[in-house]
Amino acid sequence: RRSLSAASRSPAAQALLRRASAVLELDLEQLWAAGPDSKFDETRHCQPSVYVASVVAVERLREERPEVVERCQAVAGIGVGEYAALH
């Protein structure tokens, strides 16, 4: 969870976090950085966090190694991960 705070520092990730936090009326970055961990037991915090963290990871990869993202031929997910895979 704490490593997400570092990953979320890129401009693309920051824009995504702002949008998601506004829609959810929840400061995801603060939740990731400070918790408490018990919040992640709640679906309303866990599911959006999984989705946004997945998309943030792809955005970071896109910034660091765009050729990897461009060559990607398939993605998959389960549950909320399916929505992240569609992103």
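Tutor: A residue counts as buried under 20% relative accessible area, as exposed over 50%, and as partly exposed in between, using a 1.4 Å probe and protein chains only. This is a predicted model, in which local features need pLDDT of at least 70 and side-chain atom pairs count only at pLDDT 80 or more, while totals for chains, interfaces and linings use all residues. Residues are numbered from 1 along each chain as its sequence is written, and side-chain values use heavy atoms, with hydrogens and water left out.

Student: Is V58 buried, exposed or partly exposed?

Tutor: V58 has a relative accessible area of 33%, so it is classed as partly exposed. V58 sits in helix α4, where a helix is a DSSP run of H or I with at least four residues, a strand is a run of E with at least two, and both are numbered from the N terminus. Although V58 and A12 are 46 residues apart along the chain, their C-alpha atoms are separated by 10 Å.

Student: At what angle do helix α2 and helix α4 pack?

Tutor: Two packed helices are described by the angle between their axes and the distance between the axes. Here α2 (residues 11-24) and α4 (residues 43-64) pack at about 160°, and their axes are 9 Å apart; the axes are lines fitted to C-alpha atoms over the stretch in contact, with angles running from 0 to 180 degrees between N-to-C directions. The crossing of α2 past α4 is right-handed, a term used if the near helix is turned clockwise from the far one by less than a right angle, with anticlockwise giving left-handed.

Student: Which residues in α2 and α4 meet?

Tutor: On the α2 side they are P11, A12, A13, L16, L17, A20 and L24, and on the α4 side P48, V52, V55, V56, E59 and E63, where contact means heavy atoms within 4.5 Å. Sorted by class, this contact has 11 nonpolar, no polar and 2 charged residues.

Student: Which residues does E59 touch?

Tutor: E59, a residue of α4, touches A12 and H87 once residues up to four places away in sequence are left out of the count. With a relative accessible area of 14%, E59 is buried.

Student: What about Q47 and E29, where are they found?

Tutor: Q47 belongs to helix α4, and at 34% relative accessibility it is partly exposed. Between Q47 and G79, 32 residues apart in sequence, the C-alpha to C-alpha distance is 9.1 Å. E29 belongs to helix α3 (residues 28-34), is partly exposed at 26%, and lies 9.8 Å from R9, C-alpha to C-alpha, across 20 residues of sequence.

Student: Which backbone angles deserve a check, and what is the omega between G35 and P36?

Tutor: Most residues other than glycine have a negative phi, and most peptide bonds are trans. The bond joining G35 and P36 is cis, with omega about 10°, and P36 lies in the loop between α3 and α4. E25, which is not a glycine, has a positive phi of about 55°; E25 is placed in the loop between α2 and α3 and is exposed at 73% relative accessibility.

Student: How many disulfides does the structure hold?

Tutor: The structure holds 0 disulfides, a disulfide being a pair of cysteine sulfur atoms within 2.5 Å. C46 is partly exposed at 23% relative accessibility, and C72 is partly exposed at 44%. C72 lies in the loop between α5 (66-71) and α6 (80-86), and its C-alpha atom is 13 Å from that of L86, 14 residues away along the chain.

How values were computed: Ala, Val, Leu, Ile, Met, Phe, Trp, Tyr, Cys and Pro count as nonpolar, Asp, Glu, Lys and Arg as charged, and the others, Gly among them, as polar.
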